[in-house]
Amino acid sequence: MTTTEIRTLADLPFHFSGCHPKSALVRRCSPVGIEALSSRQFFEQIRDFSLGLKEIGVSSGDRVALICETRPEWMVVDLGVLAAGAVTIPIYPTLTAERIRYILADSGATTVVASDEEQAAKVRAIQSGLDDLETVVVIDADSGRVEADSALQSEISFTDVERRGHRRLMMEDGLAREFKEAASAISADQLATIIYTSGTTGDPKGVMLTHGAIVANVIDAGTMITVSDTDNALSFLPLCHALERQVVYLYLYNGATVTFAESLETVARDMRRVGPTVMTGVPRVFEKLRARILDAVSQAPPLRQRLFRWALGVGLQRARACLERREPSLATRVQHGLADRLVLSKIRERTGGRLRFVISGGAPLSLMVAEFLFAVGIPVLEGYGLTETAPVLTVNPEGAPCLGTVGKALPRVKLRIAGDGEILARGPNLMLGYYQQPEA
């Protein structure tokens, strides 16, 4: 765990490049292997993109929408926007053009960064009705469609934004120092992001979170869940969701290597490739993992099925003893060594064989699934929070979890249950409010 703290998310790129220099800080799985970026390379991409944003007219306080799947470029754009003093508006790439229109119009976004031509096409279809929108940046741009020139234009490639930023850096003496000074001048109470709720009960509401609220949550969560520069994390949940984004900030803050899965469909393959030590999932991910294992066992010969049931039972006895903070019996300890060698370790190999723990959030995790994970030797830490709380309120502390609960409040979070059962929270991680809806 690092001992240096950051004040804002604009400090984060300088922090990890200075405190955690490593040859592979951020990686991405692809069909042919794993591509890596060093701490320095990742920082330089963020810096160049941030300077490039200013070249195309993005100013401090401007809203920059990001429609992109989970991948390294998501974090490059996000941290580049934040270092420029602008505000990130994350948008799920699964949304329809009309849903995207509402968010862009409500937030007053001046720039949209789209992952590919499919997402860019949604924006083109609605662009005429959005008076604030000036520029569309396409990450995987069709070179035949997006042609860069020296003048500001309505559509430009991600690569060209980076090039413009890098060219300016090479031409202006002292710009690297100015970039750092400008990022350092951003205040903790400055707006960092507006995250729109799902809108299941009406139009989505924009949750306003400051730099300070998010950073406080990163630092406090890190006191209960240990992540270090020796960890290798796998990320596959949507970064548009407050939890996965926050966890990736935590990984980068502590210098863990973050590997982004190729897609949700390749997670099982990528787990075996990467051998993660930590990762975040939602209950459905862990339910499917358990179901796949049980399905494979059901296809095995009867003797192997009986061996599996015996090993799982032994693992469960040991897990329950540990969860109750008591020493497993001698018989359980002896049997567990054999059960682990013959069966349980083979199950863990399906996840890469190195998981120290997994984090579950977003919905309640069933006790049956949680006990299964503990029984096979994969501790699961469940937590609770809201987008409005940046997002973590409680988490089961590493080494002392209590299944069936969402754990303890973070150090600076105060909780109370109101007379009508509502959960009341106070802390440095709370939102400013809903954008343009103070009454809500």
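Where does Ala390 lie? In this predicted model, Ala390 sits in the loop between S14 and S15. Pro391 is found there too, in the loop that runs between strand S14 (380–385) and strand S15 (392–395). A cis peptide bond links Ala390 and Pro391, with omega at about -15°. Ala390 has another feature to look at: its phi is near 65°, a positive value in a residue other than glycine. As for cover, Ala390 counts as buried because its relative accessibility is 3%, and the cut-off for buried is under 20%.

A positive phi also turns up at Arg325, where the angle is near 60°, again in a residue other than glycine. Arg325 belongs to the loop between H12 and H13. With 48% relative accessibility, Arg325 counts as partly exposed.

Next come the pockets. The largest one holds about 850 Å³ of space. Its lining is made of 40 residues, and those nearest the centre are His241, Ala242, Leu243, Leu386 and Thr387. H9 gives the largest share, 5 residues. Sorted by class, the lining of the largest pocket has 25 nonpolar, 12 polar and 3 charged residues.

The second largest pocket has a volume of about 460 Å³. It is lined by 25 residues, with Glu69, Thr70, Pro93, Ser263 and Leu264 closest to its centre. Strand S1 (26–30) and strand S5 (111–116) each bring at least two residues to the lining of this second pocket, and the largest share, 3 residues, comes from S1. By class, the lining of the second largest pocket splits into 12 nonpolar, 6 polar and 7 charged residues.

Notes:
Residues numbered from 1 in each chain as written. Predicted model: local features only at pLDDT ≥ 70, side-chain atom pairs only at ≥ 80, totals over all residues. Heavy atoms only, no water. Helix = DSSP H or I, 4+ residues; strand = E, 2+ residues; numbered from the N terminus. Buried < 20%, exposed > 50% of the residue type's maximum accessible area, 1.4 Å probe, protein only. 1 Å grid on protein atoms, 1.4 Å probe; cavity = no way out; pocket = protein on both sides within 12 Å on 5 of 7 lines; lining within 4 Å. Points joined across faces, edges and corners; volume = space filled by probe spheres on them. Nonpolar A, V, L, I, M, F, W, Y, C, P; charged D, E, K, R; others polar.
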